Amino acid sequence: MRRLPLFPLALGLTALLALAGCRRSDAATAGHVAGDSGPRPARIDSILPPAEALRRFQASIADTPAALRGGESSLPALGAAFARAVERRDTAALRALVVNRGEYAFLLYPGSDVSHRPRYQPPEIAWLRLQLASEKGVGRLVERLGGRPLGYVGLTCPDSAVVAAGPVRLHPGCRVRRLVGRDTVAQRLFGTVLERDGRFKLLTYANDF
């Protein structure tokens, strides 16, 4: 089965990140995710002051989001929508469930742990890393489970959410429960869930595959 890319990535992205000196693991951006893309600056300067790096990153986005767009209104609804999209191999639906570039730039990155020291990463570099991680995860997910019944039973998440900044709450550790033969298994099929003002979206498609 041929693997279909979900997120458009620029050629030479891996080399670009290496040149930028970005050597930390993806865990340094815990829960943050890649979504669909928008205009990108032609050059990344990793030695810019943090405020200027964020200003340039946000200036590369034509549309300033005031709230999350798409997603779902609850964790159970998000889990069900995710399962339907995987079963149909619906990449447009999968893209609508994950945080996009504008949402990351304006609603998520400014309050994240990678926006300041000691874990600082310039926003463009952090975003590109997350695109790579999400592309890898969703490709494996669709390849292994897409196009057939998922056996979706429900979504299990820890009771406590992590308050990231202001109205942003993070739900890490969610597991998709599904029937495999006669057994019910709980799998990590996506990463942390972002909640903001009653909307829920995925931050990453990193998974156990």
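**Figure 1. Gly166 takes a positive phi near 55 degrees in the hairpin of β2 and β3, which has two residues between the strands.** The model is predicted: local features need pLDDT of at least 70, side-chain atom pairs count only at pLDDT 80 or more, and totals for chains, interfaces and linings use all residues. Residues are numbered from 1 along each chain as its sequence is written, and side-chain values use heavy atoms, with hydrogens and water left out. Strands β2 and β3 run antiparallel and are joined by three bridges (strands pair if DSSP finds at least two bridges between them). Across this pairing, Val163 stands opposite Arg169 in β3. In a regular strand, side chains alternate between the two faces of the sheet.

**Figure 2. The protein has six helices and seven strands.** These elements are DSSP runs numbered from the N terminus, with helices (H or I) of at least four residues and strands (E) of at least two. Along the sequence the pattern reads α-α-α-α-α-α-β-β-β-β-β-β-β. Of the 209 residues in the protein, 45% are buried (buried means under 20% relative accessible area, exposed over 50%, and partly exposed in between, with a 1.4 Å probe and protein chains only). The protein exposes about 10100 Å², and carbon and sulfur atoms supply 54% of this area (Shrake-Rupley method, 1.4 Å probe; for residues, only the protein chains shown count as cover). Among contacts between residues at least 6 apart in sequence, 73% join residues at least 24 apart (contact means heavy atoms within 4.5 Å).

**Figure 3. A disulfide joins Cys157 to Cys174.** The S to S distance is 2.1 Å, where the cut-off for a pair of cysteine sulfur atoms is within 2.5 Å. The structure holds one disulfide. Cys157 lies in the loop between β1 (152-156) and β2 (162-165) and Cys174 in the loop between β3 and β4 (175-180), so the pair ties together parts that are 17 residues apart in sequence. The torsion about the S-S bond is about 115 degrees, so the disulfide is right-handed. Both ends are buried: Cys157 has a relative accessible area of 18%, and Cys174 has 2%.

**Figure 4. The side chains of Glu195 and His171 are joined by a polar contact of 2.6 Å.** A polar contact is a pair of N or O atoms within 3.5 Å; within protein, one must be able to donate a hydrogen and the other to accept it, and residues adjacent in sequence count only if both atoms are side-chain atoms. Glu195 lies in strand β6 and is buried at 17% relative accessibility. Leaving aside residues up to four places away in sequence, Glu195 touches Pro167, Val168, Arg169, His171 and Phe200.

**Figure 5. Helix α5 is mostly covered, with seven of its eight residues buried.** The buried residues of α5 are Arg101, Gly102, Glu103, Tyr104, Ala105, Leu107 and Leu108. Their cover includes α2 (50-59), α6, β3 (168-171), β6 (193-196) and β7. At the start of α5, a side-chain oxygen of Asn100 reaches to within 3.1 Å of the backbone nitrogen of Gly102.

**Figure 6. Phe82 and Tyr205 form a stacked aromatic pair.** Rings of Phe, Tyr and Trp (its six-membered ring) pair if their centres lie within 6.5 Å; planes under 30 degrees apart count as stacked, over 60 as edge-to-face and the rest as tilted. By this rule there are five aromatic pairs. In the pair of Phe82 and Tyr205, the rings are 6.3 Å centre to centre, with 25 degrees between the planes. Phe82 lies in helix α3 (residues 75-88) and Tyr205 in the segment after β7 (199-202), so the pair ties together parts that are 123 residues apart in sequence. Phe82 is buried, with a relative accessible area of 0%, and Tyr205 is likewise buried at 0%.

**Figure 7. Tyr104 and Trp127 form a tilted aromatic pair.** Their rings are 5.3 Å centre to centre, with 35 degrees between the planes. Tyr104 lies in helix α5 (residues 101-108) and Trp127 in helix α6 (residues 123-145), so the pair ties together parts that are 23 residues apart in sequence. Tyr104 is buried at 0% relative accessibility, and Trp127 is buried with a relative accessible area of 0%. Phe57, Tyr104, Tyr109 and Trp127 form one aromatic cluster.
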